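User: Hi, I have just opened this one and would like to go through it slowly with you. Could you take my questions as they come?

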Amino acid sequence: MMLRRVSGNFRHQGWLRGRVREPEADAGRRKLVRREILMQDHSEREANLRALAERLEFSVEKAGDRYKLTRTAAVSRPVCEPDLTLDQAEELLATWKLRGLGGG
């Protein structure tokens, strides 16, 4: 098999010719695809956060990219956690999930 280096890519000298794209040409497209995947991932995580919060009787408020979780059901005093990132909110709800609905 004969390979030759062409503009940063190795191409087979026959059947692969013209099928390998140049990295520079696809850089913008790859960046857009990555951003789209991250946006989908973030929105999916937020939807899962809201679903878990509802099951654990928390209310969720979003301000920018921060979240405020509040729970008044089955607690002696309201539990309010303001200014949380998505990761922190997920972690807090995961802890409550392990404790159970009673919170203990």
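User: To start, what share of the residues in the protein is buried?

Analyst: Please keep in mind that this is a predicted model. In it, buried residues make up 23% of the 104 residues in the protein.

User: How many helices and strands are there, and in what order do the elements run?

Analyst: The protein has 2 helices and 5 strands, and, read from the N terminus on, its elements follow the order β-β-α-β-β-β-α.

User: Let's go inside. Which residues of the largest nonpolar core touch the most other members?

Analyst: Those are Phe58, Leu69 and Leu93, in a core that has 15 residues. The elements that contribute two or more residues to this core are H1, E4, E5 and H2, and the largest share, 5 residues, comes from H2.

User: How many aromatic pairs does the structure hold?

Analyst: The structure holds 1 aromatic pair. Its partners are phenylalanine 58 and tryptophan 96, whose ring centres are 5.3 Å apart and whose planes meet at 85°, so the pair is edge-to-face, a label that applies to planes over 60 degrees apart.

User: Where in the chain do the two partners sit?

Analyst: They come from distant parts of the chain, 38 residues apart: phenylalanine 58 belongs to the loop between helix H1 (23-55) and strand E3 (59-63), whereas tryptophan 96 belongs to helix H2 (residues 86-99).

User: Are those two buried or exposed?

Analyst: Phenylalanine 58 and tryptophan 96 are both buried.

User: What lies over the face of tryptophan 96?

Analyst: Arginine 99 does, at 5.5 Å from the ring centre.

User: Changing topic to another arginine: why does arginine 71 count as buried?

Analyst: Arginine 71, which is found in strand E4 (residues 66-71), has a relative accessibility of 1%, and because buried means under 20%, it falls in that class.

User: What polar partners does the side chain of arginine 71 have?

Analyst: A polar atom of the arginine 71 side chain lies 2.7 Å from the backbone oxygen of leucine 56, and a polar contact of 3.5 Å joins the side chains of arginine 71 and glutamate 57.

User: One more topic, the backbone. Which residues other than glycine have a positive phi?

Analyst: Among them are alanine 74, with a phi of about 60°, and aspartate 83, with a phi near 55°.

User: Where are they, and are they buried or exposed?

Analyst: Alanine 74 is in the loop between E4 and strand E5 (79-84), and its relative accessible area of 58% makes it exposed, since exposed means over 50%. Aspartate 83 is found in strand E5 and is likewise exposed, with a relative accessible area of 52%.

User: Last one: what part of the contacts with a separation of 6 or more comes from residues 24 or more positions apart?

Analyst: Residues 24 or more positions apart account for 26% of those contacts in the protein.

How values were computed:
Residues numbered from 1 in each chain as written. Predicted model: local features only at pLDDT ≥ 70, side-chain atom pairs only at ≥ 80, totals over all residues. Heavy atoms only, no water. Phe/Tyr/Trp six-rings, centres within 6.5 Å; stacked < 30°, edge-to-face > 60°. Helix = DSSP H or I, 4+ residues; strand = E, 2+ residues; numbered from the N terminus. Buried < 20%, exposed > 50% of the residue type's maximum accessible area, 1.4 Å probe, protein only. Lys NZ or Arg CZ within 6 Å of the ring centre and 35° of its normal. Polar contact = N/O pair within 3.5 Å; in protein donor to acceptor, adjacent residues only side chain to side chain. Contact = heavy atoms within 4.5 Å. Core = buried A, V, L, I, M, F, W, Y, C linked by side-chain atoms within 4.5 Å.
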